[in-house]
Amino acid sequence: MATAVIPQQSRPNLAGDVRAGLCRPGQKELPSKYLYDEIGSALFEVVSLLPEYGLTRADERILQRHAAEIVSRLKPQVLVAELGSGSGKKTRWLLEALSGRQCTTYCPIEISPTALARCESELGRIDCVSIVGFERPYLDGLLAAAARRKEDDHLLVLFLGSTIGNFDRDAAERFLTEVRRILFPGDALLLGTDLEKPLPQLLRAYDDSIGVTAAFNLNLLARINRELDADFNVAAFRHEARYNDEDRRVEMHLRSMRDQIVTIPRAGCSVSFVKEETIWTESSHKYHAGEMEAMAKRNGFRCDSQWIDTEWPFAESLLIAE
Ligand SMILES: C[S@@+](CC[C@H](N)C(=O)[O-])C[C@H]1O[C@@H](n2cnc3c(N)ncnc32)[C@H](O)[C@@H]1O
């Protein structure tokens, strides 16, 4: 079926965000969305295959086993929008189940053009599914996808892979409220959340034995070198995954191995690092399965159903807009 890409209207402000995150006092930070350039998106695909990173396989097991049941709980005619689709590999199960009962438009929404292109080639040949990809940030893309709905269409929004865990808890709530604002009553959100599990298992998932996650994290510095002419000595930083007990999240950091000064000409700044100082690059919040019901309620949804993978504790929750 047909495939179309709607390109981004405005580029993300890498220079401004790097300056804001690295040139301020206190903990240095970089937004995790910048991990996904061409190399980062390719590395994330490899991360999702690692034995230590059970999350993607757990999510896929749920979708594979329960696709027919998930689809049976939806209104008859749906337009599917996926936030941060990545390669979209797991989504095939849902699209195939849907295409058995209706022809479907699928709108992957991605800031990474590489991930979007991969998604389109992965899912572009399913009978009765047409793809309209949006190279946009989540909510801009969702608004654009929602504008394509026909009179009888309901929206099914997919937010898989526990990507919601990259938001702080308050920001995740605000995000759900914003998503709900774009939906009509009866529309659905399928939300994947990684659940708490023993600490060694969690930490290994973000610090694997062959260093792919480390490369994924360090690539952010290499990206800043490539795109902003910076002079990060990538070998002078080390990947670190740590668990923040109070906030129930794994944090990825890049630790400076010595005192150093980095110049970032296209961000108009120089940044000093003291030995052992870190840049915080990503958070992955973990949830209890029972939290979803209250979280849904607080943001204008009801939790219709939930499927849990027990091999790698992970939940898919089907939330219906009220
Ligand atoms: C953790 S990966 C998950 C990919 C896929 N959904 C999965 O479950 O395997 C997050 C994806 O969201 C995309 N992304 C990150 N921030 C985004 C944003 N603000 N707007 C749109 N896409 C974003 C990234 O490019 C990446 O492909």
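1. Contacts along the chain. In this predicted model, residues 24 or more positions apart account for 74% of the contacts with a separation of 6 or more; a contact means heavy atoms within 4.5 Å. Residue numbers start from 1 along each chain as its sequence is written, and side-chain values use heavy atoms, with hydrogens and water left out. Because the model is predicted, local features need pLDDT of at least 70 and side-chain atom pairs count only at pLDDT 80 or more, whereas totals for chains, interfaces and linings use all residues.

2. Overall form. The chain holds 10 helices and 14 strands; these are DSSP runs numbered from the N terminus, with helices (H or I) of at least four residues and strands (E) of at least two. The radius of gyration is 20 Å, close to the 20 Å that the globule rule gives for 322 residues, so the chain is as compact as a globular protein of that length. The radius is taken over C-alpha atoms, and the rule is 2.2 Å times the number of residues to the power 0.38. Along the principal axes, the C-alpha atoms fill a box of roughly 60 × 40 × 35 Å.

3. Burial. Of the 322 residues, 57% count as buried. Buried means under 20% relative accessible area, exposed over 50%, and partly exposed in between (1.4 Å probe, protein chains only).

4. Helix H5. In this helix (residues 113–123), the buried residues are Thr 114, Ala 115, Leu 116, Cys 119, Glu 120 and Leu 123.

5. Gln 260. This residue lies in strand E10 (residues 260–264) and counts as buried, at 10% relative accessibility. A polar atom of the Gln 260 side chain lies 3.3 Å from the backbone oxygen of Ala 236. Neighbours within four places in sequence aside, Gln 260 is in contact with Ala 236, Phe 237, Val 271, Ser 272 and Phe 273.

6. Tyr 138. Helix H6 (residues 138–146) contains Tyr 138, which is partly exposed with a relative accessible area of 26%. Not counting residues up to four places away in sequence, Tyr 138 touches Leu 83, Gly 84, Ile 109, Phe 159, Thr 163, Phe 167 and Phe 175. From Tyr 138 to Ser 87 the C-alpha distance is 16 Å, and the two are 51 residues apart in sequence.

Definitions and conventions: A polar contact is a pair of N or O atoms within 3.5 Å; within protein, one must be able to donate a hydrogen and the other to accept it, and residues adjacent in sequence count only if both atoms are side-chain atoms.
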